[in-house]
Each structure stands twice: as C-alpha cells, then as structure tokens.
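Colleague: I would like to go through the labels used for this model and hear what each one rests on.

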Amino acid sequence: MSDELKKDMEDHLDTEEVLQDMEDPQEEQELKETAEPRAGSEEETEDGTPGSKADKKAAKKKLKNDKKQDALKEKIEELEDRVKRQMAEFDNFRKRTEKEKTTMFETGAKSVIEKILPVVDNFERGLATVPEEDKNSPFAEGMEMIYKQLLSELEKMEVKPIPAVGEEFDPEFHNAVMQVESEEYGSGVVAQELLKGYTYRDSVVRHSMVAVVS
C-alpha cells in the first residue's frame, strides 16, 4: 500500500469519528431539552404579549369567577326586585283593606244613625207639645235631659244637624218639598224646615225637608 493511500484512509477514519461524536444521543437529548420551553417559562400569548401557562390558568380562573359573580349579582337583583314588588302589593292590599273596613264601618254607622234619627224627631215633637205651664214639671225636665243627652252622644259620633232656615237652597243638603212666599227671605232661600237633616263625618245621612222661597 502506498503512503499516499494510507494517509487518505487515516483522514477518512478521523472524519467518521468526528461525525459519530457529533451524533451522540446524549448530546442530542440535551440539545432537544434546551430547545423546548420549560414549564412556567415565558411564552407568547394569543394577543402577542409575553405570558406563562400559570398566568393563562389564573386568567381563566378569574374569568370563570367573574362570570359566577355576575350571575350571582343578577340573581340577587332579581330577588330584590321580586321582594320590592311583593312589598308594594302588600302595601296596596293593606291600604285597600283599611279603606274597605272604613267604608264598611261608616256604612254600618250610617245605618244605625238613620234608625236613631226618628227617635230624635219624636223627642222634638213630644217636647214641642208640652204646655208652657208643664215645662218645669219633673216629667218634662226628664224628657228634656234625655233628649239633650241623645244629641250630645250623636255629636260625639260626629253627627251634626244641617243648617236650613235662612240658608241658600243647596240640593246636596236640602230637599225642597214646597215653595212659599216670604217677606223676610229672598228667592231661593230656605224659609221653613219641615224635617231636620243630619250629616255624619261631612256626608249626608238625611237631607233636610224644606220649603223654599219662590
């Protein structure tokens, strides 16, 4: 073998050893691990900003919590609105019930007063027929005291007589049953009261029967 050929073979062997050394598996693994990103190392997020897997996980968790908070807030607002509506309905029911009770009470009171008024009328007619000489008798005085007591109790119940004689005729309070001539009063004025009228808490229980000047 010539010296030149021998030298070429030795150079070839040296080149193969270098290539084998470069293809060492351990070195390749190290190069691969170096190239791969480690857990927790910074990466580029979807919007192009640097981030990490831990940051992404935290962001997802925060988004999930925010959605839960929004749903909870919406539910609370719904319940508050429902409670307010129910309270308003209850308040309206209470006011309506009180009004109905008041109306029923006043209707019942008016019915009782209407039954008492004829008794008052009879007391007035009876006292009007007592002779002048008997007005100081114990019987007449006793009747007068009972009559005044009855009127006093009616007044406490806010039952009041309707003014009539000398007043302008008012169809809301007066019931004209006849027309008369009068020198004392002008036209349209009540000249005579035939039956006394009464009001209960500013509402008419019984209209006054009157004679009006024509």
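This is a predicted model: local features need pLDDT of at least 70, side-chain atom pairs count only at pLDDT 80 or more; totals for chains, interfaces and linings use all residues.

Colleague: What makes S3 and S6 a pair of strands?

Modeller: Two strands need at least two bridges between them to pair. S3 and strand S6 (residues 198-200) have three bridges, in the antiparallel sense, so they count as paired. At one of the bridges, Lys 160 has Thr 199 in S6 as its partner.

Colleague: Why are S3 and S7 said to stand at the edges?

Modeller: The sheet is open, and its three strands run in the order S3-S6-S7 with antiparallel pairing. Strand S3 (159-161) and strand S7 (203-206) each have a single partner strand, so one side of each lacks a neighbour in the sheet. Direction ignored, neighbouring strands here are turned by 35° against each other on average.

Colleague: Which helix packs on this sheet?

Modeller: Helix H3 (residues 53-128) does, touching S3, S6 and S7. The direction of H3 makes about 45° with that of S7.

Colleague: Why is the pair of Phe 123 and Tyr 147 called tilted?

Modeller: The search of the whole structure finds one aromatic pair. Phe 123 and Tyr 147 are 6.4 Å apart, centre to centre, and the limit is within 6.5 Å, so the rings pair. Their planes are 35° apart; stacked requires under 30 degrees and edge-to-face over 60, so the pair is tilted.

Colleague: What parts does the pair tie together?

Modeller: Phe 123 belongs to helix H3 and Tyr 147 to helix H4 (residues 138-156), so the parts tied together are 24 residues apart in sequence.

Colleague: Are Phe 123 and Tyr 147 buried or exposed?

Modeller: Both Phe 123 and Tyr 147 are buried, a label that requires under 20% relative accessible area.

Definitions and conventions:
Residues are numbered from 1 along each chain as its sequence is written. Side-chain values use heavy atoms; hydrogens and water are left out. Helices (H or I, at least four residues) and strands (E, at least two) are DSSP runs, numbered from the N terminus. Axes are lines fitted to C-alpha atoms, for helices over the stretch in contact, and angles run from 0 to 180 degrees between N-to-C directions. Contact means heavy atoms within 4.5 Å. Rings of Phe, Tyr and Trp (its six-membered ring) pair if their centres lie within 6.5 Å; planes under 30 degrees apart count as stacked, over 60 as edge-to-face and the rest as tilted. Buried means under 20% relative accessible area, exposed over 50%, partly exposed in between (1.4 Å probe, protein chains only).
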